[in-house]
Amino acid sequence: MLTPRLPSVYNLVSLETVTSTNDEARKLAAQGEEAAPDGTIVWALEQTAGRGRRGRQWTSPKGNLYTSLILRPEVPAREAAQLSFVAALGLYDSLGTLSDPGHQIHMKWPNDILLQEKKVAGILLESESSGDGGLDWVIVGVGLNVASYPEDAAYPATSLRAENWPTTVDQALEAYARSFLGWANRWVEEGFQPVRKTWLQRCMGLGEPLEVRLETETITGIFKDMDEDGALVLDQDGTERRIAAGDVYFPAN
Ligand code: BTN
């Protein structure tokens, strides 16, 4: 197995086959700070039960990037979700360093990365609070389609290879780990504002009509904003509606 060169703040755990890197990271995180210090990054070549957002499956054959980062930030539990936007910016920047200029890269609310308007990466954030309103740990799981993508995904998908963008999984991990660190430091020093502002500059469809599929209904509106809590703000004929969880589609999809 290759050994990616990561900045020294990371503690890399490399595995061949796992159910899910988020499962491995959870087990490690639960063993405490000594077993899994802040910056422990679990990386596997394949997953047999990869998990996506909202209980979905994440198809995980060899050739793509599957990684889960354990973080122990000293912030209130309600701020944990901000880290998924930090990770999304890290992924976006890493794609910028791996790619030729000219490729279109966008964020799609909440945490997807689109390449040429198709989903190339997703993020699954899980956290455990410490009981006093603080956080015990946060796991930032990232899946990046390097070599292949699912043909039957609900949202059209792609891979770096399919977009003629040859890279290897270890190069992708190195690039992501470096870019994540830059944004994580910024978040620690300056808070959510610069993250939110940059995310909004890079997202797809701001000011345009969107469809959001919720658990029990599908709603439409104009994509007005992402708020301080990371919620999607929709304008529905002059009435503002904030959405905490859902799947966004653009009218052409
Ligand atoms: C999504 O867009 O639905 C989120 C996908 C997250 C997939 C990654 S792959 C590494 C980590 N382990 C998992 O089981 N899921 C995340």
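This note sets out points on a predicted model, for a reader new to the structure.

1. **The main core.** The largest nonpolar core comprises 63 residues. Within this core, I113, V140, L144, F180, W199 and L232 have the most contacts. Residues of domain 1 (11-202) and of domain 2 (209-249) both contribute, so the core lies between the two domains. In soluble globular proteins, nonpolar side chains tend to be buried together.

2. **W199 and helix α4.** Beyond the residues up to four places away in sequence, W199 touches F85, L89, M107, K108, W109, P110, F223 and M226. W199 is also one of the buried residues of α4, together with P194, V195, R196, T198, L200 and R202. Helix α4 (residues 193-202) has 7 of its 10 residues buried, so the rest of the structure largely encloses this helix. The cover over the buried residues of α4 includes α2 (82-98), β4 (105-108), α3 and β9 (218-226).

3. **The cis peptide bond.** The bond joining W109 to P110 is cis, with omega near -5°. P110 is located in the loop between β4 and β5 (112-115), and P110 is among the residues that W199 touches.

4. **The ligand site.** There are 20 residues around the ligand, of which S20, Q47, R51, R53 and K119 come nearest. An oxygen atom of the ligand lies 2.8 Å from a polar side-chain atom of S20. The side chain of T21 has an N or O atom 3.2 Å from a nitrogen atom of the ligand. In the case of R53, a backbone N or O atom is 2.7 Å from an oxygen atom of the ligand. The ligand taken alone exposes 420 Å², and the protein buries 99% of that.

5. **Two residues with positive phi.** R54, in the loop between β2 (40-47) and β3 (65-71), has a phi near 55°, a positive value in a residue other than glycine. R54 is partly exposed, at a relative accessible area of 31%. E117, in the loop between β5 and β6 (118-129), is likewise not a glycine and has a positive phi of about 70°. With 39% relative accessibility, E117 counts as partly exposed.

6. Leaving aside neighbours within four places in sequence, E163 is in contact with H103, L115, Q116, K118 and T158.

Definitions and conventions. Residues are numbered from 1 along each chain as its sequence is written. This is a predicted model: local features need pLDDT of at least 70, side-chain atom pairs count only at pLDDT 80 or more; totals for chains, interfaces and linings use all residues. Side-chain values use heavy atoms; hydrogens and water are left out. A nonpolar core is a set of buried Ala, Val, Leu, Ile, Met, Phe, Trp, Tyr and Cys residues joined through side-chain atoms within 4.5 Å. Buried means under 20% relative accessible area, exposed over 50%, partly exposed in between (1.4 Å probe, protein chains only). Domain bounds come from an automatic or database domain assignment. Contact means heavy atoms within 4.5 Å. A residue is near a molecule or strand if one of its heavy atoms lies within 4 Å of it. A polar contact is a pair of N or O atoms within 3.5 Å; within protein, one must be able to donate a hydrogen and the other to accept it, and residues adjacent in sequence count only if both atoms are side-chain atoms. Accessible areas come from the Shrake-Rupley method with a 1.4 Å probe; for residues, only the protein chains shown count as cover. Helices (H or I, at least four residues) and strands (E, at least two) are DSSP runs, numbered from the N terminus.
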